[in-house]
Amino acid sequence: MEEPLVPLVPMSHTAHIRSHRKPRRNASALAMRAGVAGGVLSTLAVAGASGSANAAEPVTQTLELPTLTADLATQVAQSADATQQAAANYELQAERDAAAAKAAKQAKADLAEAKHKAEAKKKAAAEAARRAAATEAASRSSERTTLSASASTSTNVSAPASGSVATVVAFLKAQVGDAYVMGGTGPNAWDCSGLVQAAFKQVGVDLPRVSQDQSTSGTPVSLSNLQVGDILYWGSAGSAYHVGVYIGNGQYLDAANPSKGVVIQDLSGYPATGAVRVL
């Protein structure tokens with residue numbers, strides 16, 4: 001079946017090009033534009049007239065500073081208080097530091113003064129002790145001279161014819177060379193009163209243990225009338241600090257001290273204070 005033929009219509013050679021002519025304006029658009037223009041001109045005229053009328057009067061504007069709010073005012077007040085408190089604290093600390101420095105300086109001065117006084121007191125005490133020692137030494141020297149003279153008169157006194165005294169002296173001489181020990185009572189170490197007590201115990205005489213009591217045992221005798229076997233003491237009767245036994249010829253035997261031990265000594269070298277007789 002054959003397709004129908006479409007007839008061709010001849011077209012202009014410019015038909016595909018758009019027209020350059022402006023579109024026609026309709027009457028209503030033109031009227032609206034005229035009204036708007038007229039209104040603008042009227043407004044400008046009124047504004048101009050108003051401007052002319054007010055041109056002679058200056059325009060004044062008032063600017064108001066923003067007011068502080070209550071919170072900001074509180075913060076400013078608190079900041080001021082904190083600054084004032086800090087200043088007060090600094091001042092107080094400065095006062096404390098000054099007081100501490102003053103106290104330290106005063107303490108140093110007091111310490112120096114105390115040391116000076118202590119040294120002066122120490123020197124005074126040493127001087128007093130030196131003078132006392134010198135006085136005591138002079139007194140002992142005088143006493144020894146007197147006792148030495150008295151003892152020399154009894155040098156030739158012979159021992160009584162008593163076996164008891166001989167036994168005491170023999171025991172004492174047998175201990176010569178033994179050690180001195182405070183509180184010692186033998187058999188190889190003695191103190192002064194322990195040796196005297198042991199010697200007289202050999203003949204049945206019971207003496208007190210200490211020198212203070214031994215110095216008051218028996219009958220007191222003068223140093224110018226000594227006999228062999230008499231007990232010698234140094235110090236006051238009843239408070240003697242040392243004892244020994246007279247063995248004749250101006251000598252005595254005693255447990256002297258840790259450096260000497262038990263020895264025989266001359267009475268003139270260390271005169272006794274007194275003597276007692278128990279045999």
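How many residues has helix α3, and how far does α3 reach from its first C-alpha to its last? Helix α3, residues 163-174, has twelve residues and reaches 16 Å, close to the 16 Å expected at 1.5 Å a residue. The expected span here is 1.5 Å times one less than the number of residues.

Before I go on, some ground rules. This is a predicted model, where local features need pLDDT of at least 70, side-chain atom pairs count only at pLDDT 80 or more, and totals for chains, interfaces and linings use all residues. Residues are numbered from 1 along each chain as its sequence is written, and side-chain values use heavy atoms, with hydrogens and water left out. Helices (H or I, at least four residues) and strands (E, at least two) are DSSP runs, numbered from the N terminus.

Back to α3. V165, V168, V169, F171 and L172 are buried there. Seen down the axis of α3, the buried residues fall within an arc of 160°, so they line one face of the helix. That arc is taken from the directions from the helix axis to the C-beta atoms. The face turned away from the buried side carries G163 and A174, both exposed. Buried means under 20% relative accessible area, exposed over 50%, and partly exposed in between, with a 1.4 Å probe and protein chains only. Covering the buried residues of α3 are, among others, β2, α4 (192-201), β5 and β6; contact means heavy atoms within 4.5 Å.

Two loops next. P187 sits between β1 (179-180) and β2 (189-190), and the peptide bond from G186 to P187 is cis, with omega near 0°. N249 lies between β5 (242-248) and β6 (251-255). Phi of N249 is positive, near 55°, and N249 is exposed, at 59% relative accessible area. For background, most residues other than glycine have a negative phi, and most peptide bonds are trans.
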